[in-house]
Amino acid sequence: MSQEPRTYCLFLCLFLSHGVASPTVPDSKQDLHPLLQKMAEEIIQGSYLNALLDLIQFQSSPMWTADLSHRVLAYLNSRNVAFTIPSLQAAMENHLEQRLYQPQKLLEDLRETDAQQFHTAMKYLLEDKKDRLELEDIVIDLGEIRKQALQSPGVNRSLFLITLERCFQVLNSLECVEILGRLLRGSSGSFLQPDITERLPWDLCKDAFKNLSAVFKELYDQTSAHSQRALYSWMTGILQTSSTTTDDSVSWVSAENLWILGRYIVHLSFEEIMNISPTEIGLFISYDNATKQLDMVYDITPELAQAFLERISSSSFDMRNTSTIHRLGLLVCFYNDLELLDAAMAQVLLHQMIKCSHLRGFQAGVQKLKANLLDIATENHTLNETLGSLSDAVVGLTQSQLESLCPEAVHSAISTLNQVSGWSKSQVVILSAKYLAHEKVLSLYSVSQMGVLLAGLGTQAFYGMDRRALLHILRSTISLHVSDLSPAQQQGILSKMIEAGDTTSGVVEIQGAFFKEVSLFDLWKEPGFNSTVLKEKELRRSQALFLYELLSKTTRRPAELLSTGQLVKGVTCSHIDAMSAESFLAHFQYFENNLSLLSPHQVNCLAWKYWDVSRSSMPPFLLAALPARYLASVPASRCVPFLISLGKSQLDSLVLDSHKKNLVLGKVQQCLNDSVADEYAVDIVGNLLCHLPAAIVHRGVSPGAWAAALHGLRDCADLSPAQKAALRLRLLEQRGLPQNWTAETTKDLGPFLELFSGEELSSIATKFPHILQQTASKMAGTLPPQEFLWAVFESVRNSGEKRPSSEPSSSCHGVAAPSSEDIFKLAEANACWAPEDLLCMEEDTFIRSVELLGAVRGFSWPQLMTLKEKAVQVWDMPSYWREQHIVSLGRIALALNESELEQLDLSSIDTVASLSQQTEWTPGQAKAILQGFLEDSGYRIQDLKSFHLVGLGATLCAVNITEISLIKISEFRVVVARIGTLLCSIQVLAEFKRKAEVVFGNPTEWSSSVLQELGTIAAGLTKEELQMLDKDLMPYFQPSAIKCLPDEIFKELSAEQIAALGPENAAAVTPAQRRQLSMLQLQSLQRALDGAKTRSWLDASPSARPIRTPSSRSPPGASISRGLWLGCPLLVLTPKLVW
């Protein structure tokens, strides 16, 4: 956890130890300053925090002298208090540690401090400087202590509450507001519950009120809707009270009050806005920062925005003046005075509407307004003439409109087009082709101008560029868009950068995430690596394994390697085991700071190393990586630090085995006594909140803790069905039926709406359709429950304009077909359309919405078939489809049968790469795509370049086994890692394994980095080859390779090899593989799942092992920084597993 208890008590003890070391003890009857005498009495009473505060106060006074410590000790002796430095240190450590682990008691202590002590504590919190206390040669870093205390779960809450209770009586209000701001920012808004306003002062001075309001505005997005409403009421209550107007007909909402409210102006009622005087609204809009303020009203509703626009128009500001438009902020997204608007003003509005993407909801209305303005802006002008002045409204242009553009127009408008966000894949393809058609020759300059359109440049075009031009691109700002390229395009660049025979390798020049595409083979050839060039590069694990091993041979300073970017991914157990105790403890912070980069196997190795060298100071979360029985060693007195440490980690990545995870959670429940008693318990459990069993969620969280717990549960991504059911019941008990909810309740429970039934959600869909739709839009990339999607679907259908289909087919008569606006609003809920509804869609709607529809994950096969049929209606037969059509289909392409796939023009690897992004192809479809590419492009298997192999993706699995040998080794070896991500048949993987042997040698010679690089290809190893692998290599299989191993091959692994798999690979073993194992093998598998050591003597029962006797002196950097993670370092380890 932290070191402050030890630091506090060390300061007091060292202060007193000067008296012990003194050859003479002053007369205890000599005068002792009253404050020091008081401090001594507090030490006698055990009030160590009070004593520390007195000491901090006195030490800063001019009366401080070096001999005062002797006098204090003499005073203690005169009171017949037999203190020794060790006993005093132990007592103080225990007391102050308990105050950190039981912050409620810290709150009680602070309540009992006198005014001067409390003043000292508050001043201490307020200080920004890294102040230090110095006592002769002793230096105590109070700044670090303050930092650690503010980061301790629960301590922040106690300090926040005591500040509200007492600060305004002791310090001036400006200082108290500054302290509150610091504490609130550290709480992520969780302290701002609706009842907080009951504790806020109502008599703040004007500047303090403004400053505190600024804090609330800063934390607006982290504050619940109910809390926002409560804080708004507090702010407006003070503003109304301080208003100088005495006339009830004059609104209290002045220009200054609008500025103070900031984002909270969205909580003004419609009537209050309409009552703002023209003078005040005009003065507000004239403020220099008004635009910035209005740029941030992300959650404003159309009704309130219209009210503000109306009041602004009633002032002296001309709503058709460019200067006024520039001041409207997000209000411009609701501009409705389009009558007689000229083209120039429409273009000004469109330019300002770029910011509308930040709005929370109502995007369909924004798109509609942009379309209307687009029509006005292009009236009496051609699209070619106005293209560069339409801002991001150009995203609304259809494929046919973009295809009608001339290359010259695209070239002239490139400075606008290259910055627009929101382009679809097909639009990027069309615009890039138009731009390059004008350029004729692909030059460094022309490519550097493409910006976001870079992704439309073909893979072959990248490969055809001059290598030096590519190098310049990677060094320029255009490199920011390289991450938007497909793997095939990236490989096309790499192929050119690292061509055979080039003496100046470009590997070192490749930066960021792009570096992950560099092959292990190319790393082997590069002599120029050092820790400096790797700092800004992202690494695959195979790259990190090779590079760490390489650099560790020339670098003797572990800190240099461990602090280098993502190189820590490459640390092996042997590297960890080889570190001395001193070195390991001194460098552990590098592992802890990069925990998210470490594999479960690495964490397991770290846990065992820490257990062996310094178990008394071991971070408790590492216990979860050891066999489950080690959790029993945590006594009740150590539960809080255990929960804090484990709550700061991600349990799902720390413990992969469900059985072991249940045991860990059992210990958590035991520590919690099966309940979450208060808000402090919520602070302490941290991320563990997401793993609490359903029974605790339903009945075990106290009413006082519920608001804080609910705030934490919002971020839980993978609640179990039982947890969700319990949470739903608890919400119904707490908030009542959804039909009775307010808008604030609905907003606050947004993340939980999917837990409710369709019947329960129907009232929400009727009362608050926009809130429901906004909630659904935040679930992009997930597949919500069907009942939730139906509620969203009904809310859109009921609130939208029902227009019968204009399709001429008789079957579409009377059908309310989807509109573009409906499809845009529905997102994943488009899966609720009946196939006949989709078939009756208007052609223009399909063209505008095809990519949105292609992204819907929940479409059934009949729906996909219907959408394919619609595509044929609109674009004719597949043989007429162009690249922009094919890339826009998304999942709809899955409905194409083999014959239709054969009709497609698949001559471009980029077209094929877009199809290969889908993972649901049948073997026959995949074969058709592969053959279609070979036939249309004219390539043979032996002609394929590395970027072709990458672009083919999963369709490469359909290659004839006999043809795999024809793939050039020079191309295969640079994309091994990509091919190793494919889940091909075992026969295909076996052939790829044979090719890998040509590159990496016999499997008996493979290293950990090679095995990791191969991925699923390693599943092609024969029984004999697997049996010959060193067991120490087993953790370096990728989990996907373990799953791909045939059951009859997997069972041939020895018990030792299975035990060495590591937790992650052991968790990847399939039920079918498990059924083939013997009892001994199953025991070994369980050992791997549990995190046991692979050497049996090391994993003997803790009580049977030799016990390391802790030395009298801890290694440098060990005891102070880690001494209080799990207990008092004064305790001596006994033969039992205790702390």
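Is Arg-540 buried or exposed, judged by its relative accessible area?

1. Arg-540 is buried, because its relative accessible area is 16% and the cut-off for buried is under 20%. The model is a predicted one, and this value should be read as computed from it.

2. Arg-540 pairs with Glu-1013 in a salt bridge, with 2.6 Å between the closest N and O atoms. Arg-540 sits in the loop between helix H30 (520–525) and helix H31 (541–552), while Glu-1013 belongs to helix H59 (residues 1008–1014), so the contact ties together parts that are 473 residues apart in sequence. Glu-1013 is also buried, at a relative accessible area of 1%.

3. A salt bridge also joins the side chains of Glu-679 and Arg-157, at 3.5 Å from N to O. This pair links distant parts of the chain, 522 residues apart: Glu-679 is in helix H39 (residues 679–685) and Arg-157 in helix H9 (residues 155–170). Glu-679 counts as partly exposed, with 25% relative accessibility, whereas Arg-157, at 4%, counts as buried.

4. Asp-109 and Arg-99 meet through their side chains in a salt bridge of 2.5 Å, N to O. Asp-109 lies in helix H6 (residues 103–112) and Arg-99 in helix H5 (residues 85–101), so this pair ties together parts ten residues apart in sequence. Both Asp-109 and Arg-99 are buried.

5. For the overall picture, the structure holds 39 salt bridges.

Note on methods
Residues numbered from 1 in each chain as written. Predicted model: local features only at pLDDT ≥ 70, side-chain atom pairs only at ≥ 80, totals over all residues. Heavy atoms only, no water. Salt bridge = Lys/Arg side-chain N within 4 Å of Asp/Glu carboxyl O. Helix = DSSP H or I, 4+ residues; strand = E, 2+ residues; numbered from the N terminus. Buried < 20%, exposed > 50% of the residue type's maximum accessible area, 1.4 Å probe, protein only.
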